[in-house]
Amino acid sequence: MTDKKPDMTTTSGKIADLRNRLAEAREPMGSEAARSAGEQGISTARQRIEALLDTDTFVETDALARHRVEDYGLDRIKPATDGVVTGYGLIDGRRVTVYVHDSSIFNGQLGEVYAEKILKIYDLAIKTGVPVIAIHDSTGARLQEGVVTAAMSARILRKATEASGVVPQISIIAGEVASLPALLVPLSDLTVMVKTATMHLTSVSAVTKVTRRVATAKSLGSVDVHSQITGMAHLTAPSDLEAVQTVRDLVAFLPENNRAASPLNENTTEPDTSDLDSFIPDSVAASYDVRDVINRITDKGLMELSRGYADNVVTGFAHISGRAVGIVANQPSVLAGCLDHAAATKAAAFIRVCDSFNLPIVEFVDSPGFFPSEEEEHLASAKHGAGLAFAYAEAQVGKITVILRRAIGPSYVLMGSKDLGADMVFAWPTAQIALADATTAAEQLGVDADEYAASHLTPYVATERGLVDAVIEPSQTRTHVTEALRLLERKVVYAIPKKHGNIPL
C-alpha cells in the first residue's frame with residue numbers, strides 16, 4: 001500500500017486515479033466512519049443496496065458527484081456521492097432503479113447535486129419502464145444551500161408525481177426522515193418502515209415550542225404512529241436489512257410498469273378447499289377470520305398490507321393459480337365487518353395501486369354496512385365511501401367479487417357490486433344480499449323479520465336479476481375465480497377521454 005499519487009501522464013496512472021476516486025466514493029467519509037456505523041448496528045447505504053439487489057448487479061450512477069457550494073465552510077467538505085447513492089440493478093432477475101440516502105454525509109440532508117442525482121434516476125426509470133426503490137434516511141434539506149434545496153424538493157415531488165401510475169414506487173423508511181423528505185414517502189405506492197425509524201414533517205423543536213408539550217421524533221412519527229394511526233406504513237420490519245427483503249418479496253407481485261402484465265408464478269401449490277363448505281357459521285352473529293378463507297383460495301396465502309390499520313378491511317397481494325392479484329376483503333372479526341372512513345380509504349388506495357399496475361382485484365364480501373356513529377359522520381364517512389366507489393368504478397383491471405355472507409346496503413354497493421363495475425360476481429349459498437338487514441326492513445315495512453329474511457336475505461333474488469353471475473359451492477371458489485381470471489386477461493376497456501377524474505379527497 002502506498003500514498004504515492006498516480007502518474008497522470010500515463011494511461012495506467014489515469015486508470016489508477018479512477019480507481020482511487022471510485023474507492024473514495026465507496027467510503028466517502030472514510031473507512032473509520034463505516035466501521036463506527038457497523039459497531040452501532042447501522043448498515044451503510046451500500047450494505048442496504050447489496051442486500052436489496054441480486055449479487056454483483058448494482059451499476060452506480062453519478063458516484064463522483066460533489067456539491068458546488070462554497071459558503072459556510074462547505075468548500076472544505078466535498079465528499080463523493082454528495083449523500084445519496086443512485087443506480088440500477090436486478091431483483092430476482094428483474095431490473096429496478098434505486099436511490100439510497102447516506103446519513104453519514106450531512107445527516108443525509110438534501111442538497112442541489114443530491115437532488116439532481118435523484119431526478120436523473122426518476123427520468124431513467126420513466127424512460128425505461130422499471131420500478132423506483134428508495135431507502136430514506138434524511139433529516140431534511142441542507143440549510144447551507146438555502147432556498148435552492150426547497151426548489152429541488154419541489155422538482156423531485158413533481159417528478160415522483162409524473163412517475164406515479166407509470167412505474168411502481170416503493171419506499172423504505174430506514175432512519176429518521178424529517179421535513180421536506182417526508183413529503184416524498186407518501187407518493188410511493190408501497191412503504192416499508194423499519195421499527196426503529198421515524199418520520200415527521202414538522203421539526204420536533206417547533207412542535208414543542210408551539211404546543212408547549214415536549215415532543216420527540218418517536219411521538220411525532222414512530223412505526224406505531226404510521227402503521228396504526230396514519231396508515232402510511234404498509235409493512236414494518238425489525239431492521240433495515242429485513243426491510244429490503246420485504247421489498248424483494250413485494251417486487252415479485254408487481255409488473256415492471258403500467259403496460260406490463262401482472263406477474264405469473266409457475267411454482268403454484270394447490271390448497272385444500274374442501275372445508276370451505278362448512279366454514280361459514282350458522283349464526284350470522286358469529287365471527288370468523290376472513291384470512292382463513294383467503295389462505296384456502298390463494299396459492300401460498302396473503303402478503304397482507306396495512307395490518308394494524310383499519311383492520312375491518314384486509315388488503316394485500318396473493319397468487320391464485322400462479323396469477324398475481326390484489327385482495328380486498330371485509331373482516332368480520334373487527335367491527336363485525338362494518339366499513340368506516342378509514343377502511344374505505346384503505347381499500348380505495350389499494351385498488352388504485354392494483355389498477356395502476358394491471359393486477360386483477362378479487363374481493364371477499366361480508367359486511368352489514370357502514371359503522372353507525374356520530375363520530376363516523378363527522379369524519380366524513382360519506383366522502384370516504386364515495387372515494388371507494390370512485391376508485392373501484394374507475395379501475396379497468398379484471399374485477400371479481402365473492403360474496404361470502406352479508407352484503408347489505410352501502411356495503412353491497414361499494415364492495416364490488418356488479419353495477420359499480422365488477423366483471424364477475426359469485427355468491428356462496430350463505431350470502432345475504434339486500435338493501436337492509438331483516439330487523440331494519442321489518443320495522444320500516446311492518447312485516448315479520450323472519451319472513452323477510454327467508455324471502456330476501458338470500459343470494460337468489462340478486463341472482464334472478466342478474467346482479468350475481470353464479471351461486472357457487474364454497475369449495476369450488478378457487479376454480480371459479482381461476483377461470484374468471486383467465487377470461488379477464490382479455491378484458492379491454494375504452495375509457496372516455498378526459499384529463500382526470502375528481503376523486504373525493
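I started with helix α3 (residues 45-52) and α10, whose axes come within 9 Å and cross at roughly 35°. Axes are lines fitted to C-alpha atoms, for helices over the stretch in contact, with angles from 0 to 180 degrees between N-to-C directions. Helices are DSSP runs (H or I, at least four residues), numbered from the N terminus.

The model is predicted: local features need pLDDT of at least 70, side-chain atom pairs count only at pLDDT 80 or more, and totals for chains, interfaces and linings use all residues. Residues are numbered from 1 along each chain as its sequence is written, and side-chain values use heavy atoms, with hydrogens and water left out.

I checked the hand of the α3 and α10 crossing: right-handed, meaning the near helix is turned clockwise from the far one by less than a right angle. I then listed the contact (heavy atoms within 4.5 Å). Q47, R48, A51 and L52 of α3 meet D240, L241, V244, V247 and R248 of α10.

Next I took helix α12 (residues 341-356) and helix α14 (residues 381-394). Their axes come within 8 Å and cross at roughly 20°. α12 and α14 are therefore roughly parallel (angles under 35 degrees). Their crossing is left-handed. Residues in this contact include A344, A348 and I351 of α12 and G385, L388 and F390 of α14.

Last, I looked up T273, in the loop between α10 (240-251) and α11 (290-297). T273 has 13% relative accessibility, so I log T273 as buried (under 20% relative accessible area, 1.4 Å probe, protein chains only). A polar atom of the T273 side chain lies 2.9 Å from the backbone oxygen of S475. Beyond its neighbours within four places in sequence, T273 contacts R296, S475 and R478.

Terms used: Helices (H or I, at least four residues) and strands (E, at least two) are DSSP runs, numbered from the N terminus. Angles under 35 degrees count as roughly parallel, over 145 as roughly antiparallel, 65 to 115 as roughly perpendicular and the rest as oblique. Buried means under 20% relative accessible area, exposed over 50%, partly exposed in between (1.4 Å probe, protein chains only). A polar contact is a pair of N or O atoms within 3.5 Å; within protein, one must be able to donate a hydrogen and the other to accept it, and residues adjacent in sequence count only if both atoms are side-chain atoms.
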